[in-house]
Amino acid sequence: MGALVILMVALLDACATAQKQPATTASSNSSTAASSLETQVANSGEPSDPFEHFNESMLTFNRKADDWVLHPAATGYSHVVPQPARASIGRFFENVGVIPRFANDVFQGQFKQAGVETARFGINSTVGVGGLFDPAEKWFGLTQQPNDFGLTLAKYGVKEGPYLMLPILGPSTVRDAFGTVVDGAMNPVAYAAPSSAIYYEVAAKALQAVNARSENLNMFEDVDSYAIDPYGAIQDAYIEKRQAQEDKVKSAE
């Protein structure tokens, strides 16, 4: 509709100009109007980023927080905790995050994968010493698949909405940000120990963030080195990753 209105205005303007000016001038104005119309129509197909100003501010904030707090903490942490131990801690957090994955498998009708998640949790929580090791995959070939409520919404046709850079949490979309809130509400600690849940959550998330960052110390350095536009590179990488996950979820039975 926008392109049609622009076309009508351009044609009316060209006709009015043609009545008042010589033929050569009218021809020149028509070419200019057509060129302007083509540019506007082409631009109308570009992806919308209505929160770009906010997102850029949040990216700057996140980079500063990483430079001043997270990266130094992760660097010191990596010098104290050996890599195998850091990998085990990462597996532990993946294991305790089973409930949102299992629930979203069920929501999406992926009952086979829900069974895999259940079996993985039982095996890794016992034989795998609380999830520090992953015998479920190593011995039985039971592979964990990432899942969340944002992908559940995508499964049922909810669009991702505008791109959104969240403080501390990083890149997301409006739909995925809502999904993050729903997944967080599935944490049983908040209901089992409501008075101390906030302290546990803060400590657990801090350790998880530092541990994950210690495994990717050169993350932003690589972006800065190879990307002319870091904001666009991070946005594109996130959207492409989520699109691949959405396609996999939508094709799953």
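Which residue forms a salt bridge with Asp-66, and how far apart are the closest N and O atoms? The partner is Arg-213, with the closest N and O atoms 2.7 Å apart; a salt bridge here is a side-chain nitrogen of Lys or Arg within 4 Å of a carboxyl oxygen of Asp or Glu. The pair links distant parts of the chain, as Arg-213 lies in helix 11 (residues 197–214) and Asp-66 in helix 3, 147 residues apart.

This is a predicted model, in which local features need pLDDT of at least 70 and side-chain atom pairs count only at pLDDT 80 or more, while totals for chains, interfaces and linings use all residues. Residues are numbered from 1 along each chain as its sequence is written, and side-chain values use heavy atoms, with hydrogens and water left out.

**Salt bridges**

- The whole structure contains 8 salt bridges.
- Arg-213 counts as buried at 4% relative accessibility, and Asp-66 is buried with a relative accessible area of 5%; buried means under 20% relative accessible area, exposed over 50%, and partly exposed in between (1.4 Å probe, protein chains only).
- Arg-86 forms a salt bridge with Glu-215, the closest N and O atoms being 3.1 Å apart.
- That pair also links distant parts of the chain: Arg-86 is in helix 4 (residues 83–96) and Glu-215 in the loop between helix 11 and helix 12 (219–226), 129 residues apart.
- Arg-86 counts as buried at 9% relative accessibility, whereas Glu-215 counts as partly exposed at 33%.
- Glu-246 and Arg-175 form a salt bridge in which the closest N and O atoms are 2.6 Å apart.
- Glu-246 lies in helix 13 (residues 230–251) and Arg-175 in helix 9 (residues 174–185), so this pair ties together parts that are 71 residues apart in sequence.
- Both Glu-246 and Arg-175 are buried.
- Through shared partners, salt bridges join Asp-148, Arg-175, Asp-176, Arg-242 and Glu-246 into one network.

**Helix 3**

- Helix 3 (residues 52–80) has 29 residues; helices (H or I, at least four residues) and strands (E, at least two) are DSSP runs, numbered from the N terminus.
- From its first C-alpha to its last, helix 3 reaches 39 Å, close to the 42 Å expected at 1.5 Å a residue, the expected span being 1.5 Å times one less than the number of residues.
- Helix 3 bends by about 50 degrees at Asp-66, the bend being the angle between axes fitted to the seven residues ending there and the seven starting there.
- Buried residues of helix 3 include Asn-62, Arg-63, Asp-66 and Tyr-77.

**Glu-117**

- Glu-117 is placed in helix 6 (residues 111–126) and counts as buried at 1% relative accessibility.
- Glu-117 touches Val-98, Arg-101, Asp-105, Gln-144 and Gln-145, not counting residues up to four places away in sequence; contact means heavy atoms within 4.5 Å.
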